[in-house]
Amino acid sequence: MKKQFLIQKKNIRFIISCCVVLSGIVLGWNQAEAYTFEEENEVMYVENRHSETLGELEGVHSEAAVYEYSNQAQLTTLVYMGFLWSPQPIVIPRPEVPEKQTGVDPSMPVLAPRTEQVLDTHKVTATGYTAGVESTGKGPKHPQYGITYSGVKVRRDKETVSTIAADPKLFPLGSILYIPGYGYGIVADTGSAIKGNKIDLYFPTTKQVYKEWGKKDVEVQVIKQGAGKCTEKMLEELSEAIDVYKSVPDAWLDKAV
């Protein structure tokens, strides 16, 4: 039953389209004037041209040129009018694509800091590390496993802030950096091999270290100089602020910690 209904619906639509086209042809036959086509300055399809006297108006004799068109010209006109009156396809405009937002790192779900927020920039060699034996010599059963030098637990969160290790002489504990391709990091750890222009970025697994980072030379942006400490409270407050604003708000940067 449903199939028969679809076939009938299709036939009705076809009949309606034919009626519309036929109406266009009839209207063209009664109203349209034949179009002349020019090719290399020669008028085509005109079989005869003569003048007819329109009459005299206040002593002025007027004439008008009368064209007799060939059957080919008239047929062309009818076809044209048929298409003109036939149903036309609906053209849907292409949706506008919003412009890319400036200051957005395409690899990160957070916004880069604004220019006025950047205190300094440093070119450093950044490596990745984990909380495991391969990086710290501590296993999951060790009481200090996953605990940084500052006392906070390691964390990796692309959407807010992660813990990183740095030389406290260059980046004191509590310093907030923006690392392109990694996101916001707060200095919470140190390391015997992390001296000078070197930083260590925390990842939960060695697989992520090699797949997502490895070893890179990057230019990091310092947006807050640490005061030599990093606490869980600081981490939570900073994480909540970035989660709301997708960057570090000025009010938090001005806050004394």
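**Figure 1. Contacts across the whole protein.** Residues 24 or more positions apart supply 67% of the protein's contacts with a separation of 6 or more; a contact means heavy atoms within 4.5 Å. This is a predicted model, in which local features need pLDDT of at least 70, side-chain atom pairs count only at pLDDT 80 or more, and totals for chains, interfaces and linings use all residues. Residues are numbered from 1 along each chain as its sequence is written, and side-chain values use heavy atoms, with hydrogens and water left out. The protein has six helices and ten strands. Helices (H or I, at least four residues) and strands (E, at least two) are DSSP runs, numbered from the N terminus. Of the 257 residues, 31% are buried. Buried means under 20% relative accessible area, exposed means over 50%, and partly exposed lies in between (1.4 Å probe, protein chains only). The protein exposes about 17700 Å², and carbon and sulfur atoms supply 54% of that area. Accessible areas come from the Shrake-Rupley method with a 1.4 Å probe; for residues, only the protein chains shown count as cover.

**Figure 2. The closed barrel.** Six strands form a closed barrel in the order E5-E9-E6-E8-E7-E10, with mixed pairing. Two strands pair if DSSP finds at least two bridges between them. Direction ignored, neighbouring strands of this sheet are turned by 45° against each other on average. E6 and strand E9 (residues 198-202) run antiparallel and are joined by three bridges. Ala166 has Ile199 in E9 as its bridge partner.

**Figure 3. Helices on the sheet.** H4 packs on the sheet and touches E5, strand E7 (176-179), E9 and strand E10 (215-224). The direction of H4 makes about 135° with that of E5. Axes are lines fitted to C-alpha atoms, for helices over the stretch in contact, and angles run from 0 to 180 degrees between N-to-C directions. H5 lies across E6, E7 and strand E8 (183-189). H5 runs at about 130° to E6.

**Figure 4. Strand E8 and its partners.** E8 is mostly covered, with seven of its seven residues buried. E6 and E8 pair in the parallel sense, over five bridges. Thr163 has Ile186 in E8 as its bridge partner. E7 and E8 run antiparallel and are joined by four bridges. Ile179 is the bridge partner of Gly183 in E8. The hairpin of E7 and E8 has three residues between the strands, and Gly181 there takes a positive phi near 90°.

**Figure 5. Gly191 in its loop.** Gly191 sits in the loop between E8 and E9. Gly191 is partly exposed, at a relative accessible area of 25%. Thr148 is 43 residues from Gly191 in sequence; C-alpha to C-alpha, the two are 9.8 Å apart in space.

**Figure 6. Arg114 and Asp250.** The whole structure holds four salt bridges. A salt bridge is a side-chain nitrogen of Lys or Arg within 4 Å of a carboxyl oxygen of Asp or Glu. The side chains of Arg114 and Asp250 form one (2.6 Å, N to O). Arg114 lies in the loop between helix H2 (71-85) and strand E5 (120-129) and Asp250 in helix H6 (residues 250-253), so this pair ties together parts 136 residues apart in sequence. Arg114 is partly exposed, at 36% relative accessible area. Asp250 is partly exposed too, at 37%. Salt bridges link Arg114, Glu116 and Asp250 in a network.

**Figure 7. Around Arg155.** The side chains of Arg155 and Glu236 meet in a salt bridge (3.5 Å, N to O). The pair links distant parts of the chain, 81 residues apart: Arg155 is in the loop between helix H3 (133-136) and strand E6 (161-166), and Glu236 is in helix H5 (residues 232-245). Arg155 is buried, at 19% relative accessible area, whereas Glu236 is partly exposed, at 39%. The side chain of Arg155 also makes a polar contact with that of Ser239 (3.4 Å). A polar contact is a pair of N or O atoms within 3.5 Å; within protein, one must be able to donate a hydrogen and the other to accept it, and residues adjacent in sequence count only if both atoms are side-chain atoms. Leaving aside neighbours within four places in sequence, the contacts of Arg155 include Val161, Tyr202 and Leu235.

**Figure 8. Lys158 and Glu212.** The side chains of Lys158 and Glu212 meet in a salt bridge (3.9 Å, N to O). Lys158 is in the loop between H3 and E6, Glu212 in helix H4 (residues 206-213), and the pair links distant parts of the chain, 54 residues apart. Lys158 is partly exposed, at 38% relative accessible area. Glu212 is partly exposed, at 31%.
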